Amino acid sequence: MRINKGIYACLLVAMFAIGALSCSKDKSYSELLRSEEKAVNWYMSNQKIVSSVPKDSVFETGPDAPFYRMDQDGYIYMQVVNPGTKDKKAKKDQLIYFRYMRTNIIDMYEGRNPSPSGNADNLNGNNSTSFRFDNLDIQSSASHGSGVQLPLRYLGIDCEVNIVIRSYYGFISETGACQPYIYNIKYFSAQY
């Protein structure tokens with residue numbers, strides 16, 4: 001993933017520092033990271049996994065498709081529900097809208113049966129979230145983290161994915177909380 005190292009690094013360092021101080025009085029930051037890893041490993045152990053992105057970027061698709069490990073560290077896994085239109089790729093700085101639902105994987109692992117949250121259920125048109133593709137220099141794009149943008153490097157703008165994102169690549173405001181999520185995301189161009 002290409003990331004503007006200056007601004008994104010500063011945001012991450014600040015969020016890690018704040019998160020490390022405020023995450024939990026009971027657990028250290030490294031313990032929280034281990035809990036996150038354990039929960040993701042548990043979740044992924046119940047999925048079919050392909051260990052790398054296909055060289056030709058042709059993914060198996062559908063609700064029974066495997067999850068692809070999108071990075072070497074196992075921080076992001078993507079299942080392609082609908083690859084979208086092959087010829088409609090996002091361009092740098094293009095305004096992209098997305099609707100999502102997400103579920104906290106640690107809550108699932110610990111048996112709390114969490115309800116998904118997000119903006120996918122509210123279809124009034126004023127509740128879409130957006131970012132500028134491949135432009136983490138602006139706060140509105142950086143705030144969602146780079147993991148949300150990753151599928152558009154491979155798929156059409158009108159795609160739908162299920163994606164596991166560990167906190168490092170998730171919403172910047174939540175990075176220090178060490179909470180991984182399974183997202184269902186549908187993307188749209190500004191002209192939807």
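Trainee: In what sense do β4 and strand β6 pair, and over how many bridges?
Mentor: β4 and strand β6, residues 129-132, pair in the antiparallel sense over 4 bridges, where two strands are said to pair if DSSP finds at least two bridges between them. Helices (H or I, at least four residues) and strands (E, at least two) are themselves DSSP runs, numbered from the N terminus. This is a predicted model, in which local features need pLDDT of at least 70 and side-chain atom pairs count only at pLDDT 80 or more, while totals for chains, interfaces and linings use all residues. Residues are numbered from 1 along each chain as its sequence is written, and side-chain values use heavy atoms, with hydrogens and water left out.

Trainee: Which residue is the bridge partner of F98 in β6?
Mentor: The partner of F98 there is T129.

Trainee: And what about β8, over how many bridges does β4 pair with that strand?
Mentor: β4 and β8 pair over 9 bridges, in the antiparallel sense, and within β8 the residue opposite T103 is I182. β4 also pairs with β5, again in the antiparallel sense, over 2 bridges, with M101 standing opposite G118 of β5.

Trainee: How many residues of β4 are buried?
Mentor: Strand β4, which spans residues 95-104, is mostly covered, with 8 of its 10 residues buried; buried means under 20% relative accessible area, exposed means over 50%, and partly exposed lies in between (1.4 Å probe, protein chains only). Across the protein chain of 192 residues, buried residues make up 43%.

Trainee: Changing topic, what is the order of elements from the N terminus on?
Mentor: The protein chain has 4 helices and 8 strands, and from the N terminus on they run α-α-β-β-β-β-α-β-β-α-β-β. As for contacts (heavy atoms within 4.5 Å), among those between residues at least 6 apart in sequence, 63% join residues at least 24 apart.

Trainee: Now the backbone: what is phi of N113 near?
Mentor: Phi of N113 is near 50 degrees, a positive value in a residue other than glycine. Most residues other than glycine have a negative phi. N113 lies in the loop between α3 (105-109) and β5 (117-118).

Trainee: Why does N113 count as exposed?
Mentor: N113 counts as exposed because its relative accessibility is 69%.

Trainee: And C178, buried or exposed?
Mentor: C178 has 1% relative accessibility and therefore counts as buried. Phi of C178 is near 60 degrees, a positive value in a residue other than glycine, and C178 is placed in the loop between β7 (160-165) and β8 (181-189).
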